[in-house]
Amino acid sequence: MNFLKQHRVKTGVVFVTVLLAFWLIVALQRSVILLTDPEPVAKALGVAYLLLPLIGAWALIRELSFGAQTERMASALHTEGGLPVDDLPRTPAGRIVREAADAQFPAYQADAETNPGDWRSWFRLSCAYDAAGDRTRARRSMRHAAKLFRGRPD
């Protein structure tokens, strides 16, 4: 039980991945059944149904790669002692107090503007966006940090 508690997120990712893989297999099977049917409409549906598992597999691989890359960056920052400190106040439910996150945000934004080619600054900016509740910009910043980390700036 302690292992599950420590690796709660990874356990959830594995669970969702297994469910999605099962769905992909079933969808692929159904598309093959439709493709073998002699009716042209069934064949057209089979081709359309075949696209769903292909798109799903692409999205799964992309998200798992993104997660693994983020974990590698976090590990490197942890080793360097550069991870942002999680000392923001929280509500009784465990959520970060938005005003506190908003107050810290400008420092991380200024760091990324000052060091636009440093993946560490973009990683920390992504964490600041996430703490402030802006998940879209957090993911965009983390993807940019990953490109810089791999040595492929825009």
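## Basis of the model

The model is predicted, and for that reason local features need a pLDDT of at least 70 and side-chain atom pairs count only at pLDDT 80 or more, whereas totals for chains, interfaces and linings use all residues. Residues are numbered from 1 along each chain as its sequence is written, and side-chain values use heavy atoms, with hydrogens and water left out.

## The nonpolar core

The largest nonpolar core has nine residues, namely Phe 66, Met 73, Leu 77, Trp 119, Phe 123, Met 142, Ala 145, Ala 146 and Leu 148. Such a core is a set of buried Ala, Val, Leu, Ile, Met, Phe, Trp, Tyr and Cys residues joined through side-chain atoms within 4.5 Å; buried means under 20% relative accessible area, exposed means over 50%, and partly exposed lies in between (1.4 Å probe, protein chains only).

The elements that give two or more residues to this core are H3, H5 and H6, and H6 gives the most, with four residues. Helices (H or I, at least four residues) and strands (E, at least two) are DSSP runs, numbered from the N terminus.

## Aromatic pairs

How many aromatic pairs does a search of the whole structure find? The search finds two, where rings of Phe, Tyr and Trp (its six-membered ring) pair if their centres lie within 6.5 Å, and planes under 30 degrees apart count as stacked, over 60 as edge-to-face and the rest as tilted. The rings of Phe 105 and Tyr 129 have centres 4.8 Å apart and planes at 55°, so this pair is tilted. The pair links distant parts of the chain, since Phe 105 is in helix H4 (residues 98-114) and Tyr 129 is in helix H5 (residues 119-131), 24 residues apart. Both Phe 105 and Tyr 129 are buried.

Trp 119 and Phe 149 form an edge-to-face aromatic pair, with 4.7 Å from centre to centre and 80° between the planes. This pair also links distant parts of the chain, with Trp 119 in helix H5 and Phe 149 in helix H6 (residues 135-149), 30 residues apart. Trp 119, which is one of the core residues, counts as buried at 8% relative accessibility, whereas Phe 149 is partly exposed, with a relative accessible area of 30%.

## Arg 143 and its partners

The structure holds ten salt bridges, each being a side-chain nitrogen of Lys or Arg within 4 Å of a carboxyl oxygen of Asp or Glu. In one of them Arg 143 is paired with Glu 63, and the closest N and O atoms are 3.1 Å apart. This pair links distant parts of the chain, with Arg 143 in helix H6 and Glu 63 in helix H3, 80 residues apart. Arg 143 counts as partly exposed at 23% relative accessibility, and Glu 63 is partly exposed as well, with a relative accessible area of 35%.

The charged end of Arg 143 also sits over the ring of Phe 66, 4.2 Å from its centre; for such a contact, NZ of Lys or CZ of Arg is within 6 Å of the ring centre and within 35 degrees of the ring normal.

## Other salt bridges

The side chains of Glu 80 and Arg 120 meet in a salt bridge, with 2.7 Å from N to O. Glu 80 lies in helix H3 and Arg 120 in helix H5, so the pair ties together parts that are 40 residues apart in sequence. Glu 80 is partly exposed, with a relative accessible area of 46%, and Arg 120 counts as partly exposed at 26% relative accessibility.

Asp 130 forms a salt bridge with Arg 135, and the closest N and O atoms are 2.3 Å apart. Here Asp 130 is partly exposed, with a relative accessible area of 33%, whereas Arg 135 is exposed, with a relative accessible area of 53%. Salt bridges that share partners join Glu 63, Arg 139 and Arg 143 into one network.

## A nonpolar surface patch

Leu 51, Leu 54, Ile 55 and Trp 58 form a nonpolar patch on the surface, with about 460 Å² of accessible area together. Patches are made of residues with over 30% relative accessible area and no salt bridge, where like charges are joined within 9 Å and nonpolar side chains (Val, Leu, Ile, Met, Phe, Trp, Tyr) within 5 Å; accessible areas come from the Shrake-Rupley method with a 1.4 Å probe, and for residues only the protein chains shown count as cover.
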